[in-house]
Amino acid sequence: MDDKELTAMIEELCHSKANEFRLLGFEVEGEDIWKCVSSRYKKEMPPLYQIVNDILSLKANKYMNWAMLEAYKG
């Protein structure tokens with residue numbers, strides 16, 4: 001799997017999670033999901049299985065906490 005395919009797969013997962021959150025009533029885009037998940041990857045990118053797990057297991061309250069902190073940062 002090359003980098004383009006990997007990026008496309010991660011984007012699709014993020015959009016899928018954003019759709020899940022929209023069903024719960026949140027206005028979220030796939031890019032926001034990626035920003036939230038990748039904010040924990042400061043040092044280096046983790047293995048693919050961990051990235052997929054972090055995206056798919058992201059809970060709405062965890063996302064909202066991250067979004068609120070980002071809003072306070074400005």
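**Notes on the helix packing and core**

1. Tryptophan 66 touches Asp32, Lys35, Cys36 and Ser39, once residues up to four places away in sequence are set aside. The model is a predicted one. Tryptophan 66 lies in helix 4. With a relative accessibility of 16%, tryptophan 66 counts as buried, because the cut-off for buried is under 20% relative accessible area. Between the C-alpha atoms of tryptophan 66 and valine 37 there are 9.4 Å, although the two residues are 29 residues apart along the chain.

2. The next point is the core. The largest nonpolar core is made of 16 residues, and Phe21, Val28, Ile33, Val37, Ile55, Leu58 and Tyr63 are those with the most contacts inside it. At least two residues of this core come from each of helix 1 (3-23), helix 2 (30-38), helix 3 (48-56) and helix 4 (60-73). Helix 1 gives the largest share, five residues.

3. Phenylalanine 21, one of the core residues with the most contacts, sits in helix 1. Its relative accessibility is 1%, so phenylalanine 21 counts as buried. Leaving out neighbours within four places in sequence, phenylalanine 21 is in contact with Phe26, Val28, Ile33, Leu58, Lys59, Ala60 and Tyr63. Among these partners, Val28, Ile33, Leu58 and Tyr63 are also listed with the most contacts inside the core. For the pair phenylalanine 21 and lysine 59, the separation is 38 residues in sequence and 8.8 Å in space, taken from C-alpha to C-alpha.

4. Valine 37 is another of the core residues with the most contacts. Its contacts, apart from neighbours within four places in sequence, are Asp54, Ile55 and Leu58. Of these, Ile55 and Leu58 are themselves on the list of core residues with the most contacts.

5. Is aspartate 54 buried or exposed? Aspartate 54 has a relative accessible area of 9% and is therefore buried. Apart from residues up to four places away in sequence, aspartate 54 touches Val37, Arg40 and Tyr41.

6. Aspartate 3 is placed in helix 1. Its relative accessible area is 61%, so aspartate 3 is exposed; the cut-off for exposed is over 50%. Aspartate 3 and lysine 73 are 70 residues apart in sequence, and their C-alpha atoms are 31 Å apart in space.

7. How do helix 1 and helix 2 pack, and at what angle? The angle is about 105 degrees, and the axes are 7 Å apart. Helix 1 is therefore roughly perpendicular to helix 2, because angles of 65 to 115 degrees count as roughly perpendicular. On the helix 1 side of the contact are Ile10, Cys14, His15, Lys17, Ala18 and Phe21, and on the helix 2 side are Gly30, Ile33 and Trp34. Sorted by class, this contact has six nonpolar, two polar and one charged residues.

8. The last point concerns cysteines. How many disulfides are there? The count is zero. Cysteine 14 takes part in no disulfide, and the nearest cysteine sulfur, that of cysteine 36, is 9.7 Å away. Cysteine 14 has a relative accessibility of 3% and so counts as buried. Cysteine 36, at 7% relative accessibility, counts as buried.

Technical notes:
Residues are numbered from 1 along each chain as its sequence is written. This is a predicted model: local features need pLDDT of at least 70, side-chain atom pairs count only at pLDDT 80 or more; totals for chains, interfaces and linings use all residues. Side-chain values use heavy atoms; hydrogens and water are left out. A nonpolar core is a set of buried Ala, Val, Leu, Ile, Met, Phe, Trp, Tyr and Cys residues joined through side-chain atoms within 4.5 Å. Buried means under 20% relative accessible area, exposed over 50%, partly exposed in between (1.4 Å probe, protein chains only). Helices (H or I, at least four residues) and strands (E, at least two) are DSSP runs, numbered from the N terminus. Contact means heavy atoms within 4.5 Å. Axes are lines fitted to C-alpha atoms, for helices over the stretch in contact, and angles run from 0 to 180 degrees between N-to-C directions. Angles under 35 degrees count as roughly parallel, over 145 as roughly antiparallel, 65 to 115 as roughly perpendicular and the rest as oblique. Ala, Val, Leu, Ile, Met, Phe, Trp, Tyr, Cys and Pro count as nonpolar, Asp, Glu, Lys and Arg as charged, and the others, Gly among them, as polar. A disulfide is a pair of cysteine sulfur atoms within 2.5 Å.
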